[in-house]
Structures are given as structure tokens and as C-alpha cells.
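Thank you all for making time this afternoon. I would like to walk you through one structure, slowly and step by step, so please have a look at it before I start.

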Amino acid sequence: MTEQRAGFPRRDADGRILTLGDLLGVSLAGWVIGMLALVLFDWGFATVGAGEFGRTNGWLAVILPAWLFWDDFRAWEFGAARVVAALVAGVVAVVGGLLVAGLVGGLPPLATGGLAAVAFTLLYALLWFQGVHWLARRTG
């Protein structure tokens with residue numbers, strides 16, 4: 001595999017993210033940016049009296065990581081490895097996020113959803129990266 005271009009995340013010539021560290025770093029950065037944007041918007045709406053602070057759904061913080069995951073999914077050539085890895089990672093990540101949301105259910109929706117979104121992001125990144133590489137080696 002040759003590197004496609006300098007930058008972060010590092011990618012191979014096909015556009016696939018090269019390391020788990022890069023995938024985790026960029027996806028968690030996306031989650032942080034999403035949470036900051038949600039806090040800013042929620043604070044702004046609360047300031048003008050359009051609602052109480054903390055009532056925005058924190059799950060929205062998963063938008064940027066999901067976009068990154070979709071981009072990496074598209075970079076893999078069509079085949080069973082990418083589909084199976086994405087489905088397994090998606091199901092486990094959603095269930096993990098829902099479990100976290102259930103555990104912290106007494107918090108405001110912004111915090112509950114934000115914690116669920118970070119659990120989703122971590123689980124998906126770990127399972128997707130390891131799964132697609134492992135399956136691709138086995139299926140050719």
C-alpha cells in the first residue's frame with residue numbers, strides 16, 4: 001500500500017484510512033466538533049428564550065464521524081468484507097450507544113446523547129477498521 005497524500009488521516013492510494021489511530025483520532029475530533037456546535041446552538045437558543053439549555057439531542061454529534069465512516073466505506077472496493085464489517089460494526093455501535101444512553105438516562109438529552117454518540121463512534125471505528133481489514137485478508 002502506498003500513501004495517497006500527506007495529511008490527516010493518512011490514506012492509501014485507494015483512499016482507505018491507513019491506521020486505526022488515524023480513524024479514531026479524526027472520528028473523535030469530529031465528535032468533539034459536533035458537541036461544541038450543539039452546545040453553541042443550544043446555548044444560543046436558550047439565551048433567546050427558545051428553550052431550556054441541554055435539551056438538544058446529543059446524538060447529532062455523530063454526524064461528522066458517520067460521514068468519515070461513510071467515506072472510508074466507499075473507499076473499499078465492493079464486496080462482502082466491507083458490507084459485513086459495516087453491518088456488524090453498525091449494529092454493535094448502535095446497541096452500545098443505546099446502552100450508554102440508558103445508563104446515563106437521568107442527564108439532559110444533550111449529555112445523554114453526546115455520551116451515546118461517543119460510545120457509538122468508538123465502537124464503530126474499532127469494529128469497522130479491524131473487521132474490514134480482517135475480512136478483506138480472508139476473502140481476497
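In which helix is Thr47 found? Thr47 is found in helix α1, where a helix is a DSSP run of H or I with at least four residues, a strand is a run of E with at least two, and both are numbered from the N terminus.

Before going further, a word on the origin of what you see: this is a predicted model, in which local features need pLDDT of at least 70 and side-chain atom pairs count only at pLDDT 80 or more, while totals for chains, interfaces and linings use all residues. Residues are numbered from 1 along each chain as its sequence is written, and side-chain values use heavy atoms, with hydrogens and water left out.

Let me begin with the whole chain. There are four helices and zero strands, so that, in the order of DSSP runs numbered from the N terminus, the elements read α-α-α-α. The C-alpha atoms fill a box of roughly 55 × 30 × 20 Å, taken along the principal axes. Of the 140 residues, 41% count as buried, and here buried means under 20% relative accessible area, exposed means over 50%, and partly exposed lies in between, with a 1.4 Å probe and protein chains only. If we take the contacts with a separation of 6 or more, residues 24 or more positions apart account for 64% of them, a contact being heavy atoms within 4.5 Å.

Now back to Thr47, which counts as exposed because its relative accessibility is 53%. Thr47 and Asn57 are ten residues apart in sequence, and their C-alpha atoms are 17 Å apart in space.

The next topic is a pair of helices. Helix α1 (residues 20–47) and helix α4 (residues 109–139) pack at an angle of about 165°, with their axes 10 Å apart; the axes are lines fitted to C-alpha atoms, for helices over the stretch in contact, and angles run from 0 to 180 degrees between N-to-C directions. The two helices are therefore roughly antiparallel to each other, given that angles under 35 degrees count as roughly parallel, over 145 as roughly antiparallel, 65 to 115 as roughly perpendicular and the rest as oblique. Among the residues that meet are Leu20, Trp31 and Asp42 in α1, and Leu110, Ala117 and Phe129 in α4.

Leu110 lies in helix α4 and is buried, because its relative accessible area is 6%. Leaving aside residues up to four places away in sequence, Leu110 touches Met35, Leu38, Val39, Asp42, Phe53, Gly54, Thr56 and Gly58. By contrast, the C-alpha atoms of Leu110 and Val88, 22 residues apart along the chain, are separated by 27 Å.

His133 also has its place in helix α4, and His133 is buried, with a relative accessible area of 17%. Its contacts, again not counting residues up to four places away in sequence, are Ile17 and Trp76.

I will finish with the core. The largest nonpolar core has 28 residues, and those with the most contacts inside it are Leu23, Tyr124 and Trp128; such a core is a set of buried Ala, Val, Leu, Ile, Met, Phe, Trp, Tyr and Cys residues joined through side-chain atoms within 4.5 Å. Helices α1, α2 (63–75), α3 (80–103) and α4 each supply at least two residues of this core, and α4 gives the most, with ten residues.
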